[in-house]
Amino acid sequence: MAVASDETTRICNHCDRAIPSSNIDLHYAHCSRNLEKCKVCGDMVPKKHAEEHFLNTHAPVTCSLCSETMEREILPIHKGENCPQRIVTCEFCEFPLPVIDLAEHQEVCGNRTELCHLCNRYVRLRERYNHESRCNGIPEDHVGSSRNVRPVEREQGARRRQPPEYSRKRLLFTVAIAGIAVLLGSLFFQKTMETGPVV
């Protein structure tokens, strides 16, 4: 059975949709009783879910990092680009920290120095990339840090000093003694509890 395509339609006064003229009265009764137009987005929402629709779609939200309140649509952009508490990494040490603390951290961190293996000069981390691009590997007297590299450091390069071996042995000895003391204390306590509390 074919539907007549020239059937007239009327616009529902409640939802602004085109409805076949023969169904408009029934549609309007159902539509006005059950649906409500959202004041923010204009969508037709069941009346019983109107508050839930507003809370889940349009209500302001609070950033979990900085507690700033904003519209739900901009929260992902805020957390990714604008939030002062979003986590970023230091370009010098790759330590993660909030962006609000980054400038102060990098001011200190960028002033740390490392030994250049080519020219045996100490170079600030913030100047490392510029130094590497122009360093020719020849020590220059007028360029570099305020202190000369000791011959021992030249031979060892940028290796860190190893702690003396005796300190490791002392640490192991101290841990062993502490373990024995805990063991003896627990045995004594257990023995005391078996014989009864001391009055």
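R128 is buried, with a relative accessible area of 18%. Buried means under 20% relative accessible area, exposed over 50%, and partly exposed in between, using a 1.4 Å probe and protein chains only. This is a predicted model, where local features need pLDDT of at least 70, side-chain atom pairs count only at pLDDT 80 or more, and totals for chains, interfaces and linings use all residues. Residues are numbered from 1 along each chain as its sequence is written, and side-chain values use heavy atoms, with hydrogens and water left out.

R128 sits in helix α5 (residues 128–134). Helices (H or I, at least four residues) and strands (E, at least two) are DSSP runs, numbered from the N terminus. Leaving aside residues up to four places away in sequence, R128 touches E114 and V123. Contact here means heavy atoms within 4.5 Å.

With E114, R128 also forms a salt bridge, the closest N and O atoms being 3.7 Å apart. E114 lies in strand β9 (residues 113–115) and R128 in helix α5, so the pair ties together parts that are 14 residues apart in sequence. A salt bridge is a side-chain nitrogen of Lys or Arg within 4 Å of a carboxyl oxygen of Asp or Glu. E114 is partly exposed, at 36% relative accessible area.

The structure holds four salt bridges. One of them joins the side chains of R126 and E107, at 4.0 Å from N to O. R126 lies in the loop between β10 (122–124) and α5, while E107 lies in helix α4 (residues 99–109), so this pair ties together parts that are 19 residues apart in sequence. R126 is partly exposed at 35%. E107 is partly exposed at 47%. Another salt bridge links the side chains of E127 and R124, at 3.7 Å from N to O. E127 is partly exposed at 36%, and R124 is partly exposed at 40%.

Now turn to helix α1 (residues 24–34). Its buried residues are I24, H27 and C31. Seen down the axis of α1, they fall within an arc of 65°, so they line one face of the helix. The arc is that of the directions from the helix axis to the C-beta atoms. These buried residues pack against β1 (9–11), β2 (18–20), β3 (35–37) and β4 (44–46). The face turned away from the buried side carries the exposed residues D25, L26 and R33.

Last comes a record. In an unreviewed entry, UniProt lists residues 171–189 as "transmembrane region". UniProt positions are given in the numbering used here, feature names are shortened, and annotations may be inferred rather than shown by experiment. In the model, residues 171–189 are 100% helix and 0% strand, with the end C-alpha atoms 27 Å apart.
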